[in-house]
Amino acid sequence: MTPGLPLAGEAFGGLADVWVYLSASPLLGLSITLLVYHGAFLLYQRSGLHPLANPVALSVITLGVLLWVTNTPYATYFEGAQFVHFLLGPATVALAAPLFEQMARLKRLWLPMLGALVVGTLSATASAIGVAWALGASKETIASLAPKSVTAPVAMGISEQIGGLPTLTAALVVCTGILGAASARYVFDALRITDPSARGFALGTAAHGIGTARAFLVNPESGAFAGLAMGLCALFSAVALPLVAGFLLRWI
Amino acid sequence: MIPALAALLVFQLIGEALVRTLSVPVPGPVAGMALLLVALVLRPASLQAIKPTSNTLLQHLSLLFVPAGVGVMLHLERLGDEALAIGVALVVSTLVGLASAALTMAWLMKRGSSGSPPASPLPADEGGP
C-alpha cells in the first residue's frame, strides 16, 4: 500500500511520494486533528483552564494555518476530520444524561430558565442586528448575523428563511461560540453571578455548543444547564427568530 | 461502552427520522436528546449504563467542534469590508446575550427562592417559584 521509502539517493523523491499518499488519505487529517487538539488541551490545562486559551480556538487557528501553509484543500482535510465531526450528533444526544441528573433542579428552576432563555436570545439577536445596522452592514449580512447564538444547523435554517447566507451564518456561529466561551467568566464575575446553574444556562443560551463544551470543562452542573439551554434555545429560536428578526429587518 | 454508544446513535436516528417526518425545524440530535431524556425518566436505572460513555463524549465536546471550526476560518477572509461591522456586532451581542441571560436567571432565582436557599437538596417541589 504505502510506497516504500528508498534509503539513499532519491530520498527526497521518496518523501514526496509519501506526502502525496498521506495528504490524500483520511488518516492524516484525523491524526493531525487529534494531535493538535491534544496539544491545545495541554496548553489549556497548563494555563489553569484560562478562558482565553480556549482549546477550540487554539486548534482551529493552528489547523487553519497548517492547511494554508501546506496548501491543502479543506475538503481533503475534512475527509479525515469528518470522523470527529460525526460524533457531535451522539454527543448532543448524550446531553440527556447530565440533564436527567439535574432533573430536580430543572423542575424547580423552570421559570428562571424560561426568562433567561427569552431575554438572552432576543437581546443577543436585537443587539447583533442593531450594531451591524448602525455600522452600515448590508441587509444580507445583518440577516446572517441575527441567528448566530443558535446551534449551527438551526441557525443556518433561520438565516436562509430571513434572507441571510447560511454559510456565513455557520462561520459567525462558531465565532460567537468561541467569543462566548472566552469571555463568559469575566462577564459573570463582573456581574457577580456565582450560581453554577445560572452561569451554565447563560453560556448555553448565548454561545450554544462551544459554550456548553467550556461549561463542562469547568463544572459538570454548569455543563448540564448549558446543554439544556442550547437545546431550548434551538427550539425557541427556530420558532421565534424568523418572526422577530424578520420584523426588525423589515423595519430598518 | 458499545451498547451505550449504540443507544446514543439509535436515539439520534429516531430523532432524525422524527424531525424529518414531522418537518419540525429542530436538529435531529436535539430531538434525540429530548427522547433520551424521556426514556431516562421512564427508566431511571438505565442511566448507569450510558453514563460512562456520555461523560467521555461530553468531556471532549470541544474537540468535536474543531473540524467545522477550521472550515469556518477559511471562510472568514471573504468578509472583506464588512469585517469591522461584523466583528463589533459579534462581540457586543455575545456579551449582551451572556449578561442579559445570566442577570435574568439570577434575578428570577432570587425572587423565586426568597427565604429558602437555592441549592436545597429536597427534590420534587414541582412548580418552581
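**Figure 1. Chain B reads α-α-α-α-α-α along its sequence.** The model shown is predicted. Chain B holds six helices and zero strands. It has 129 residues, and 43% of them are buried. Of the contacts in chain B between residues at least 6 apart in sequence, 34% link residues at least 24 apart.

**Figure 2. Helix H2 of chain B, residues 28–42.** The helix has 15 residues, and at 1.5 Å a residue these should span 21 Å. Buried positions in H2(B) are Gly28(B), Pro29(B), Val30(B), Ala31(B), Gly32(B), Met33(B), Ala34(B), Leu36(B) and Leu37(B). Their cover draws on both chains. From chain A it includes helix H5 (88–94), helix H6 (96–101) and helix H13 (220–251). From chain B it includes helix H1 (2–22).

**Figure 3. Leu36(B) and its surroundings.** Leu36(B) sits in helix H2 of chain B. It counts as buried because 28 C-beta neighbours fall inside 10 Å, and the cut-off for a buried residue is 20 or more. Leaving aside residues up to four places away in sequence, Leu36(B) touches Val93(A), Ala96(A) and Phe11(B). Val10(B) is 26 residues from Leu36(B) in sequence. The C-alpha atoms of Leu36(B) and Val10(B) are 9.8 Å apart.

**Figure 4. The side of chain B that touches chain A.** Here 71 residues of chain B are in contact with 96 residues of chain A. H1, H2, helix H3 (47–59), helix H4 (61–64), helix H5 (66–75) and H6 of chain B each supply at least two residues of this side. H6(B) gives the largest share, 25 residues. By type, the residues on the chain B side are 52 nonpolar, 15 polar and four charged.

**Figure 5. Helix H8 of chain A against helix H6 of chain B.** The crossing of H8(A) with H6(B) is right-handed. Residues of this contact comprise 19 nonpolar and nine polar, with no charged ones.

Methods: Residues numbered from 1 in each chain as written. Chains lettered and ligands numbered in written order. Predicted model: local features only at pLDDT ≥ 70, side-chain atom pairs only at ≥ 80, totals over all residues. Helix = DSSP H or I, 4+ residues; strand = E, 2+ residues; numbered from the N terminus. Buried ≥ 20, exposed ≤ 12 C-beta atoms within 10 Å, placed from the backbone. Contact = placed C-beta atoms within 7 Å. Expected span 1.5 Å × (residues − 1). Axes fitted to C-alpha atoms, helices over the stretch in contact; angles between N-to-C directions. Left-handed = near helix turned anticlockwise from the far one by under 90°. Nonpolar A, V, L, I, M, F, W, Y, C, P; charged D, E, K, R; others polar.
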